[in-house]
Amino acid sequence: MVIGLLLVLLTLAGWYLLRWVRMRKLGGVSVALRWRPDRARSGWHLGIGRYRGEEFVWHRVWSLRTGPDRVFHRDYLEIADRREPIGTESYAVPADSTVLRCESDRQEPIEIAMGPGALTGFLSWLESAPPGRRIPRAS
């Protein structure tokens, strides 16, 4: 019984480790995401973000899903606000993060927290959209 439980725990730990390593090797960056930021009890969720053409896909770290947990299309994503983490938020987001409040025509508002390097890449990806696309608002 104990050996079986130990094997299950080791398998799960191995699954998470392999997923984390695979996502990082595919060019993923550490990103914390918070949906429904207007609610008092909405919390931060750590994950790995990747660019997939016109989409920014986010994989939650502690998830058994094989695909992305959230997908954001560049054409519908706009930056509404930018701020530093407040109070204990700095413990829940990647180091030296900036928090971006993003709004979309098709999804609820979200907040994305990422470090300086990831932020530069994210802003470049948003701004490098093809001509004729609306320009994101940056505060």
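Q: Hi! How many aromatic pairs does the structure hold?
A: Six aromatic pairs turn up in this structure, which is a predicted model.

Q: Nice. What about the rings of Tyr 51 and Phe 56, how are they placed?
A: Their centres are 5.1 Å apart and their planes meet at 50°, so this pair is tilted.

Q: And is Phe 56 buried or exposed?
A: Phe 56 counts as buried because its relative accessibility is 2%. Tyr 51, at 29%, counts as partly exposed.

Q: Which kind of pair do Phe 56 and Phe 122 form?
A: That one is edge-to-face, with 5.2 Å centre to centre and 75° between the planes. It links distant parts of the chain: Phe 56 belongs to strand β3 (residues 55–60) and Phe 122 to helix α3 (residues 116–127), 66 residues apart.

Q: Which residues form the aromatic cluster?
A: Tyr 51, Phe 56, Phe 122 and Trp 125 form one cluster together.

Q: Switching topic: what sits over the ring of Trp 35?
A: The charged end of Arg 70 does, 4.0 Å from the ring's centre.

Q: Okay, and the overall build? How many helices and strands are there?
A: The protein has three helices and seven strands, and along the sequence they run α-β-β-β-β-β-α-β-β-α. Of its 139 residues, 40% are buried.

Q: Now the outside. Which residues form a nonpolar patch on the surface?
A: Ile 3, Leu 6, Leu 7 and Leu 10 do, with about 440 Å² of accessible area together. Leu 6 lies in helix α1 (residues 2–25), and it counts as partly exposed because its relative accessibility is 48%.

How values were computed
Residues are numbered from 1 along each chain as its sequence is written. This is a predicted model: local features need pLDDT of at least 70, side-chain atom pairs count only at pLDDT 80 or more; totals for chains, interfaces and linings use all residues. Side-chain values use heavy atoms; hydrogens and water are left out. Patches are made of residues with over 30% relative accessible area and no salt bridge: like charges are joined within 9 Å, nonpolar side chains (Val, Leu, Ile, Met, Phe, Trp, Tyr) within 5 Å. Accessible areas come from the Shrake-Rupley method with a 1.4 Å probe; for residues, only the protein chains shown count as cover. A salt bridge is a side-chain nitrogen of Lys or Arg within 4 Å of a carboxyl oxygen of Asp or Glu. Helices (H or I, at least four residues) and strands (E, at least two) are DSSP runs, numbered from the N terminus. Buried means under 20% relative accessible area, exposed over 50%, partly exposed in between (1.4 Å probe, protein chains only). Rings of Phe, Tyr and Trp (its six-membered ring) pair if their centres lie within 6.5 Å; planes under 30 degrees apart count as stacked, over 60 as edge-to-face and the rest as tilted. A charge sits over a ring if NZ of Lys or CZ of Arg is within 6 Å of the ring centre and within 35 degrees of the ring normal.
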